[in-house]
Amino acid sequence: NAGVTQTPKFQVLKTGQSMTLQCAQDMNHEYMSWYRQDPGMGLRLIHYSVGAGITDQGEVPNGYNVSRSTTEDFPLRLLSAAPSQTSVYFCASSYSGTNSYNSPLHFGNGTRLTVT
Amino acid sequence: KNEVEQSPQNLTAQEGEFITINCSYSVGISALHWLQQHPGGGIVSLFMLSSGKKKHGRLIATINIQEKHSSLHITASHPRDSAVYICAVRSTSSGDKLTFGTGTRLAVRP
């Protein structure tokens, strides 16, 4: 098992550019989520999904899009990058619903994004 | 007020000391997670609790559902325990979504 694979590790964008952060898991987890981590703040939920074809907004969804066409993949798209999106991004997965009660969280290694 | 509050925010200890990190929450929960993040590193799940107590090596996690409080204890602390410890809850009203505390930064000096 590779666990949660998140790419790239580092990225620098200019304001207005677009990009996709990739997240893949091989544990057949229903629940996948994207967070951003900023200094002095806890992890904040951007978008999440409880299964293929189902996505929903988290706490800070503006400026980000997601899709979940397969169980394994949950990409995060920045449509027009802004300096306020400079952050460290983490993808996480776990089992969902009644299976979530005994399911630990699995995190990717993070993507450090800088928007200039 | 945040749904999840951790204390202290920062903690410095001498090697060998017993350490306690606290997490209080204000919502009904189905599970509480303790996570560890080393500087510049990824996030690792330490414990998931819905009641009682769990132990793994020198780490012990407890939860009191009635008081909406959990503690993470580290016995015989070591410099390699230096990290940020994060509490997260899965609330009963928000499905699978998790809410995170801001973390406790622990430094253990040799």
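Biologist: Which residue forms a salt bridge with A:Arg44, and how far apart are the closest N and O atoms?

Modeller: Some ground rules: this is a predicted model, where local features need pLDDT of at least 70, side-chain atom pairs count only at pLDDT 80 or more, and totals for chains, interfaces and linings use all residues. Residues are numbered from 1 along each chain as its sequence is written, chains are lettered from A and ligands numbered from 1 in the order written, and side-chain values use heavy atoms, without hydrogens and water. A salt bridge here is a side-chain nitrogen of Lys or Arg within 4 Å of a carboxyl oxygen of Asp or Glu. By that rule A:Arg44 pairs with A:Asp38, at 2.8 Å.

Biologist: Is A:Arg36 buried or exposed?

Modeller: A:Arg36 sits in strand 4 (residues 31–37) of chain A, strands being DSSP runs of E of at least two residues, numbered from the N terminus. Buried means under 20% relative accessible area, exposed over 50%, and partly exposed in between (1.4 Å probe, protein chains only). With 8% relative accessibility, A:Arg36 counts as buried.

Biologist: Which residues do salt bridges that share partners join into one network?

Modeller: A:Arg36 has its own salt bridge to A:Asp38, with closest N and O atoms 2.9 Å apart. A:Asp38 is buried at 12%, and A:Arg44 is buried at 17%. The B:Arg58 and B:Asp81 side chains meet in a salt bridge too, at 2.8 Å; that pair links distant parts of the chain, 23 residues apart. The network joins A:Arg36, A:Asp38 and A:Arg44.

Biologist: Which backbone oxygen lies 3.5 Å from a polar atom of the A:Arg36 side chain?

Modeller: Contact means heavy atoms within 4.5 Å. Leaving aside neighbours within four places in sequence, A:Arg36 is in contact with residues including A:Tyr64, A:Ser84 and A:Val88. The backbone oxygen in question belongs to A:Thr86.

Biologist: Which residues touch the most other members of the largest nonpolar core?

Modeller: A nonpolar core is a set of buried Ala, Val, Leu, Ile, Met, Phe, Trp, Tyr and Cys residues joined through side-chain atoms within 4.5 Å. The largest has 23 residues, and the ones touching the most other members are B:Leu32 and B:Trp34.

Biologist: And how many residues are in the other core that lies apart from it?

Modeller: Among its members are A:Leu21, A:Val66, A:Leu76 and A:Tyr89. Nonpolar side chains tend to be buried together in soluble globular proteins. The size of that other core is 19 residues.

Key
Helices (H or I, at least four residues) and strands (E, at least two) are DSSP runs, numbered from the N terminus. A polar contact is a pair of N or O atoms within 3.5 Å; within protein, one must be able to donate a hydrogen and the other to accept it, and residues adjacent in sequence count only if both atoms are side-chain atoms.
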